[in-house]
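Subject: Structure for you to look at

Hello,

Here is the structure we talked about, for you to open next to these notes. Please go through the points below with the model on your screen.

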Amino acid sequence: MYKFPDNAKDKQEIKEKIRQICASNYSYRDGRILNSICSEPLDIAVWAYKQMLLSNLGDTRIFGSLKKMEQEVTAMLGNLLHNNSAAGNIVTGGTEANLLAMYVARQAGFQKGIKYPEAVASEAVHFSFNKACAFLGIKLITVKTDENFQVQAQELESKITKNTTAVIATAGTSETGTVEHIKETGEIAKKYGIYFHVDAASGGFLLPFMEDAGYKSVPFDFALESVDSITIDPHKYGMSVIPGGFILFRNRELMDYINFESFFHGTKAHTTLAGTRTGAGLASVYAVIHSLGYKGFVNNTKLIMSRREMLVNELHKRNIETAGRQDLNIIMVKSKDPVKIMGLLEKEGWLASVSKRYNAVRIVVHRHNSEDRLKEFAETFMRLENTLGKRI
């Protein structure tokens, strides 16, 4: 039983205790983590985070310079996503960003007279939308995907009703890395005058750089007139620290639906879910963007995608099949018993995951996975797969 301590402990003793608690954690640097869309942040990101540990973006009277920094990062991300008029905020991550987008969609729907709001999306939509819709009283309606993990736009259109207040598309699903038919889905939303949100939490720091990295990309951002808001997460492939997500709206008018007044004179209205929010994550994003620039992100994308390509080839050479189409850096690997394989892999120090929906082993190739480690993983997977059906 744990109880609140009576007396202070020696600082060195506290540090040692924390080290002991953390000793069992996996390390990105080992290269065996294959289930994470996050990785170790850049050194400059960690440095910037530490400089701003005491800051609070919720109090711009004390930390007014951070508001300016937030506006600058918002503008840079808007520019990256083809909209120099974008408005937005740094948030804790994709979950908060998606919730804020659904709040704006719901409020806009209320103005149109929609009393019982609904949102339509692919069944592969991130589970954060289950949370957001539950919190906001929105009925989430999903459409099944095909063998390539895609939903056909016509099927999605068939689910639209007079109560539809939002249409959602995903630019890089968390399960399979699929980039959904953003343009076609957006055209449907525009046809019916419905709010259209793109969840690019996973794909937002890969897709803008894909073509210059030598890989195929598709339109997914504000270049499409139908897009009203975008979620993008610097703490994933943006190489920043956690927490560090962003919600971007096409214009300030949309973001103004989120406007919660403080009860203090001189304190600006809040436009995020959190009131007190650290400026450390913001400083980290700012530092990474300026440290790498566009070309640095192209190189990072090239590294990740080339290693994904290499792993697919290594698996296929060993007669291990993959499922669907790999749009980004996530690979769905077929197995006789995916859950059992996941457990066997973990016993040997490898962390993978299993998709409940598609019953396949999910592998995320990140920059912390070296080519040698990925080859070792392919060999390990084949060996363990061959043991299935035998006594182990």
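Which residues do ring pairs link into a cluster? They are Phe205, Phe209, Tyr294 and Phe297. Before you go on, note that this is a predicted model.

Aromatic rings

The count of aromatic pairs comes to six. One of them is formed by Phe377 and Phe381, whose ring centres lie 5.9 Å apart. Their planes make an angle of 55 degrees, and the pair is classed as tilted. Both residues belong to helix α12, which covers residues 371-387. Phe377 and Phe381 are four residues apart there, about one turn of the helix. Are these two residues buried or exposed? Both Phe377 and Phe381 are buried.

Helix packing

Two packed helices are described by the angle between their axes and the distance between the axes. Two pairs can be described in this way.

Take α10 and α12 to begin with. Helix α10 spans residues 280-317, and its axis comes within 9 Å of the axis of α12. The two axes cross at roughly 25 degrees. Angles under 35 degrees count as roughly parallel, and α10 and α12 are therefore roughly parallel to each other. The crossing is right-handed. On the α10 side, the contact is made by Arg307, Met310, Leu311, Glu314 and Leu315. On the α12 side, Glu371, Leu374, Lys375, Phe377 and Ala378 take part.

How far apart are the C-alpha atoms of Lys50 and Ser284? They are separated by 8.9 Å, while the two residues are 234 residues apart along the chain. Lys50 has a relative accessible area of 55%. The cut-off for exposed is over 50%, so Lys50 is exposed.

Backbone

Most residues other than glycine have a negative phi, and most peptide bonds are trans.

Which two residues does a cis peptide bond join? The bond is between Ile242 and Pro243, with omega at about 5 degrees. Pro243 lies in the loop between β6 (229-232) and β7 (245-249).

His82 is not a glycine, but its phi is positive, about 65 degrees. You will find His82 in the loop between α3 (64-80) and β1 (87-91). With a relative accessibility of 54%, His82 counts as exposed.

Asn319 also has a positive phi, near 60 degrees, and is a residue other than glycine. Its loop runs between α10 and β8 (322-323). At 71% relative accessibility, Asn319 counts as exposed.

Regards

Conventions
Residues numbered from 1 in each chain as written. Predicted model: local features only at pLDDT ≥ 70, side-chain atom pairs only at ≥ 80, totals over all residues. Heavy atoms only, no water. Phe/Tyr/Trp six-rings, centres within 6.5 Å; stacked < 30°, edge-to-face > 60°. Helix = DSSP H or I, 4+ residues; strand = E, 2+ residues; numbered from the N terminus. Buried < 20%, exposed > 50% of the residue type's maximum accessible area, 1.4 Å probe, protein only. Axes fitted to C-alpha atoms, helices over the stretch in contact; angles between N-to-C directions. Parallel < 35°, antiparallel > 145°, perpendicular 65-115°, else oblique. Left-handed = near helix turned anticlockwise from the far one by under 90°. Contact = heavy atoms within 4.5 Å.
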